[in-house]
Each structure stands twice: as structure tokens, then as C-alpha cells.
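Trainee: I am new to this entry and would like to go through it with you. May we start with the charged side chains and then move on to the contacts?

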Amino acid sequence: MLKIIVCIKQVPETQDVRLDPVTHTLKREGIKSIINPFDLYAVEEALRVKEAQGGKVTLLTMGPPQAEEALREALGYGPDAAVLLSDRAFAGADTWATALTLGRAIEKLGGADLIFTGKQAIDGDTAQVGPMLAAILNIPFVAWARKLTFTDNNRLQVERMMDHGYDAVEVELPALITVVKEINEPRMPSFKAKLKAKKEPIPVWGLNDLGFQPEQVGLAGSFTQVVKVFPPPARGQSETWEGPAPELAARLWQRLKEMGRS
Amino acid sequence: MDYLLTEEQQMLRDLARQITNERIKPIRAELDEEETFPWDIMNDLAQADLCGTVIPEEYGGLGLGCLENVLVLEALAMGCVGVATTYAASFLGAYPLLLYGSEDQKQKYLPPIAKGEALAAFALTEAQAGSDAGAIQATAVKDGDFYVLNGAKQWITNAGEAEIYTVIAVTDRVKGARGASALVLEKSDPGVSFGKKEKKMGIRASTTREMILEEARIPRDRLISKEGMGFIVTMKTLDNARPGAGALAVGLAQEALDEAAAFAKERHQFGVPIIHFQAVQHLLADMATKVEAARALVYAVARYIDTRPKDYTKVAAMSKLFPTDMAMQVTVDAVQVMGGHGYMREYPVEKMMRDAKILQIYEGTNQIMRNIIGLALNKEYSKKK
Ligand SMILES: Cc1cc2nc3c(=O)[nH]c(=O)nc-3n(C[C@H](O)[C@H](O)[C@H](O)COP(=O)(O)OP(=O)(O)OC[C@H]3O[C@@H](n4cnc5c(N)ncnc54)[C@H](O)[C@@H]3O)c2cc1C
């Protein structure tokens, strides 16, 4: 019976998100919310692991009260339970404060054998919460997983997607995995699960439930502050060379010389 | 328009729309071009629990009614009528069992259909028996504990893909229309084989084949209801299915309207978007009005059927006739609004126009619908005197 937790996030649907000019956090009013697309792949992978190995899948999100919609929608895909972390004091959290809050909730849930997250959320695009959460819980993580294979009951072989090809790594449970879209094709929600999800009681945990002081979480507990948001400069042209190392070294030397001249 | 749907009905419709948007629309042109059977989408529908909408809960379905069925069909037809026909034909095959099957037959055949593990099909038409269903030649002859079937069923939707078939065959030629019976056949039964896939104008994601019966020997308990009930089973099955054909027409026409209207706002001629021309606006206005009228009729008839009235043959025929004629007109007009673009396969409306035509033909042609309605009126008005 694996205890599987999937951390999901409700994000604004629109591509052109507006920022609050004062706090530099995302403005959400009037914009339709969706489940962060990568998280649906995390939910799917969790369900597949459960179906293959047995277990229970619990969804976890931190967000405003309306994030409950995202949990109910995600329950429609088949997870067993959901918990919402919501409190005024959690507002304005950076990636650290978010991970800290999620981590405490996971401890309160009695820990987990496997934690899934999407590779990143499409609003902030930081890709930090998953790895930070693993660090806080002191468990290993593999980011950007595109394939999971159980080698025995508590060992996973993971293909980690890289720019060119993939890394094959092994990890022992408990572990945290962040997934890319290549990992699976999410199923359709089921009507029966949706009906059940509509009535499912979803506990809401706040500051006191998690035993935090106000200054530990939310904006107050954040180490970082967004001061400016801008698109990164486009990456230059890149090339991939393959071959024996001495040959590549010679080729590189030649290229560098040419570049130095021009 | 708000049709006062319950929250549950809206959820069901939205789920079907999600499948349309995420799974059907991205590949509908490809399915049409390549004439591929949409197994992946059938699996999605199964995963979503939509294969059992009208099948009672005790047989693994959702136990919902005709209105819920038409809501799902309308939403799927917005994606592709070929796919939606595949899905709907399975219910056509299931209705005889649902309405007239024995407890054992229901236990055996309905759960796999409801779970989407097996598709069903309905086999009535033959080469010499189209509108004139009474002219069927296929026979089912009793032989001890078995029936032996011979004959050929033509243009059977899902034939060769489905596991479960309701076949209408003559058990007693002397009795004429009272001599036909409905029987369940399985794909793997001895003597059952299938012809080549037909090449069609539209609904190319749907498979249409001949079903050939050569000394097909099946146990006696495959008979649905009693001998001689074949045409009653058929009529009731079609009465239940016809609002579904109407719903396919509504979904299809709505999608064609959406495409045409969106195009008319984007396309500029003479310096303005073409939607500014009254001639175009009037075309769109008529299209929109007809779609809404058809939808209102389909929903009203479906709701009426859900009250379990005794006889609904006339209104069921109306709920097929008006929307399917409407969808033909509206899809032709959508192509007209879009001009040459509408005629190109790069845009989806030419496919919609090709797909619309079948709706006026199958499950009884629209001429036959008028015959049915006319016959009912004749009866009603002779009673009223
Ligand atoms: C793609 C496709 C899928 C199909 N799927 C199935 C299926 O799953 N199962 C199944 O059993 N059948 C199926 N059919 C058969 C379909 O139901 C028949 O094609 C339909 O009933 C009409 O019969 P017909 O084509 O032989 O036309 P005909 O009966 O030959 O009619 C030709 C023309 O004459 C008109 N006509 C005939 N009789 C009259 C009359 N008395 N009064 C006025 N007009 C009349 C018709 O309206 C039509 O315009 C399918 C057909 C197609 C094309």
C-alpha cells in the first residue's frame, strides 16, 4: 500500500498574466482558473502507480479558498482524497514558504512513499517547489521524469529528461518526482468519480492546523521577493556533436579559434 | 439558452465536451482522411463512464435517461459525427436487450457494453430491405436447442468491430411482419463473418460493413423476447434512438454555425469583416434560429420520453426529422458563408456537410419519418371525430 501524494496548483488559464504592480505577484481576479497542466500528468502517473502497485492517492494544494475547485476537478480523474491548505497568512508565499507549508501538511498526513508534482507551474514557471519540498522533507527527488519503472517494491528507475536525451537514475522511496508531459497521456475524468468528488469532504488546514507562526509562512515567511519580471533573453544557437572525445576536443578547439578570429 | 439542466446533467455534458475538445477535435480530420476506427476515443468514453449512460446501474451503467443521452450525443457530434455514430450505434444494439432482454441476457451482455469493454451493433437492413424492413430475407430456424441463421445484413454500423449484435431475422415466413424475431449474436459465433469496409461520403470514422450469416448456430436462449416480436423490438428501439439522431444533428449544426460565424468575423472583403454584410448576417441568423429550434425540440421530446409515455413514435420521428433536415441546410449554408475556404479540406465545414447527409438517411429516411408522422396524424384525427 503505497502512500502517494500529488501536489497540484490552480493557475490562471490565460497566457498573458498580469502582475500586481505593488507585490509583483500574479493578479488572478476575473481570470478563469485551471489545474496547472503539468500537474495532470503528475496525477495520472500517481494513478498508474497506484493501479500497478496498490496504494492511496491524496491530492494536496495550497491556495485561496477557490483552489478547492481544482481539487474537486482533479478528484474527477480518480484520486482517493484531497486536502486544501488555505489561510490568509499563507498568501504571498514564495517557493520556499510554499514548500515549507506543503511539507508540514505532508508530515501531518503521516508522510508519503511517493510525492509527485508537475515539473513547474505555468504561472510562476520556477520549477522550485518540488525540489525544495524534497529538501525540506529530507528525501531524494528526481525532477523532469519522463518514465518510471519499479525495480523492486521501493526502488524506482527514472528516466530524467534532458535537453538532449535522458539520464537514467535510480532512487529509493520515499522520494519526490516532478514529471514532464512526455511521461504519460492523462486519462479522461470519469463521471462516477466526478459525482463522488462533488460530495467528497475536503479538509481545509490553516496556520493553526499546521502549527505555524504567522511570520513563518506566506509573504512574511518568504526569503525572496519578486522585484521585476521580464522574459529571459533568447538562448543562442546551440549544436550537439557526437563522437570520440579526442575528435570532439579537436573540433571544439578549431571552432573556438575560428570564433576568436571573427 | 438555458434549458434548466440539473447540475448533474451539466456535468455530464461538460465531460462529453471535454472529450470532444481534447480528444476528438484534434484528430477528426485525420480520422476522416484515413477512415480509421476511433478505438482510442471509444476507450476515452469508456474511461469517462459514458458507455453506459442509459444502461441501469445494476448492469454497470449510469441509469440515466433519454435527455442525458441526447446531451452527450450533441456534445460528441460537435467533435465528429463519425465518432458519435460509432458510439450511438452501440446503444442501438443495446436497446433491444435493455427493453426486451431476459434477466440472464441483461446480466450477460449489458455490463460489458456499459463498461465500454464491448461495442454493440444493430443489424436489420438487407440488400432488398431498406426502408421496407418487412422485406428481410435472413432466416433463423429453430433446431432443437439452437437457432440456425442464414442471410446477409447490409451496411451495419460497427460490424466487425462490435462484439455483440442484435439481429432481426425471419422465424416464420408465413406470418409476415409477425414472423420476424430479434436475436443476440456474438462476433465469435460460428458462421458469423463480415464483408469489406464500405467507402462512404462522410462519417468515415464510423465503420459500415456487411454481416454475413452462414449456418450460424446459436443457443436458443439468444432469442430476445418471443418469436414474432422482431418488428416490435425494432420499432421501440428506433423510437428510443431517434432523438439521439436529432441530437447528433444539433451538435453538428451548432459546430458548423460556430465555425461559420467565427470565420465571418475574421474574413475581410471590401474593407470590412464579411459579417457586416446583411446577406451574411441573415444566413447566420437563420442558421442560429434553426439550430435553437431543433435543440428545443430534441430536448422536449427526450424529456417527454423520460416520463415513460405509452406511445411516442410520432414525436420520436419528429425529433429526428426536423433536426436532421436542419443540419443538412445549416452545414450547406456554413460552407456558403465561408466561400472557397469552406470548400477546402483545411477547414472543418466541408466534412460537416458530408457528415450531415447520413443523418437524413439512417435510422429511417426522412421520407419514412414523414410517413410515420402522417400515419399517426391520420390515426389521431380519425379518433377525434
Ligand atoms: C452509413 C450507414 C449506416 C447504416 N447503419 C445501419 C445499421 O447499423 N443497422 C441497420 O440495420 N441499417 C443501417 N443502415 C441502413 C439504413 O438504415 C438504410 O439505408 C435506410 O433505412 C434506408 O434504406 P435504403 O438505403 O435501402 O433506401 P431505400 O429504402 O431504397 O430508399 C431509397 C429512397 O426511397 C425513399 N423511399 C423508400 N420507401 C419509401 C416510402 N414508402 N415512402 C416514401 N419514400 C420512400 C427513401 O426515403 C429514399 O429516399 C445504414 C446505412 C448507412 C448508409
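Trainee: Which residues are linked with A:Glu44 in a network of salt bridges?

Mentor: Please keep in mind that this is a predicted model. In the network, A:Glu44 is linked by salt bridges with A:Arg48, A:Glu51 and A:Arg187.

Trainee: And how many salt bridges are there over all chains?

Mentor: A search of the whole structure gives 39. In general, side chains of opposite charge can pair when their charged atoms come close.

Trainee: Which residue does A:Glu68 meet in a salt bridge?

Mentor: Its partner is A:Arg72, at 2.9 Å from N to O. Both residues belong to helix H2 of chain A, which covers residues 67-75, and they are four residues apart, about one turn of the helix.

Trainee: Turning to chain B, which residue forms a salt bridge with B:Glu227?

Mentor: That is B:Lys142, and the closest N and O atoms are 3.7 Å apart. B:Glu227 sits in the loop between strand S8 (223-224) and helix H7 (230-266) of chain B, while B:Lys142 is in strand S2 (residues 139-143) of chain B, so this pair ties together parts that are 85 residues apart in sequence. B:Glu227 is partly exposed, at 37% relative accessible area, and B:Lys142 is partly exposed at 45%.

Trainee: Into which domains is chain B divided?

Mentor: There is domain 1 (7-114), domain 2 (120-228) and domain 3 (231-384). The centres of domain 2 and domain 3 of chain B, taken over C-alpha atoms, are 30 Å apart.

Trainee: How much area do domain 2 and domain 3 of chain B bury between them?

Mentor: They bury about 1100 Å², 75% of it on carbon and sulfur atoms. On the domain 2 side, B:Phe122, B:Met201 and B:Ile203 lose the most area to domain 3 of chain B, together 40% of what that side buries. The contact involves 14 residues of domain 2 and 11 residues of domain 3 of chain B, and the count of salt bridges between these domains is zero.

Trainee: And how much do chain B and chain A bury between them?

Mentor: The two chains bury about 1400 Å², with 64% of it on carbon and sulfur atoms. In chain B, the residues that lose the most area to chain A are B:Met11, B:Arg23 and B:Gln47, together 39% of what that side buries. Two salt bridges are counted between the chains; in one of them, B:Arg23 meets A:Glu185 at 3.4 Å, N to O.

Trainee: One last topic: which residues make the nonpolar surface patch of about 460 Å²?

Mentor: The patch is made by A:Leu252, A:Trp253, A:Leu256 and A:Met259. Of these, A:Leu256 is found in helix H6 (residues 245-261) of chain A and is partly exposed, at 47% relative accessible area.

Terms used:
Residues are numbered from 1 along each chain as its sequence is written. Chains are lettered from A and ligands numbered from 1 in the order in which they are written. This is a predicted model: local features need pLDDT of at least 70, side-chain atom pairs count only at pLDDT 80 or more; totals for chains, interfaces and linings use all residues. Side-chain values use heavy atoms; hydrogens and water are left out. Patches are made of residues with over 30% relative accessible area and no salt bridge: like charges are joined within 9 Å, nonpolar side chains (Val, Leu, Ile, Met, Phe, Trp, Tyr) within 5 Å. Accessible areas come from the Shrake-Rupley method with a 1.4 Å probe; for residues, only the protein chains shown count as cover. A salt bridge is a side-chain nitrogen of Lys or Arg within 4 Å of a carboxyl oxygen of Asp or Glu. Helices (H or I, at least four residues) and strands (E, at least two) are DSSP runs, numbered from the N terminus. Buried means under 20% relative accessible area, exposed over 50%, partly exposed in between (1.4 Å probe, protein chains only). Domain bounds come from an automatic or database domain assignment. Contact means heavy atoms within 4.5 Å. Buried area is the accessible area (1.4 Å probe) that two parts lose on being put together, summed over both.
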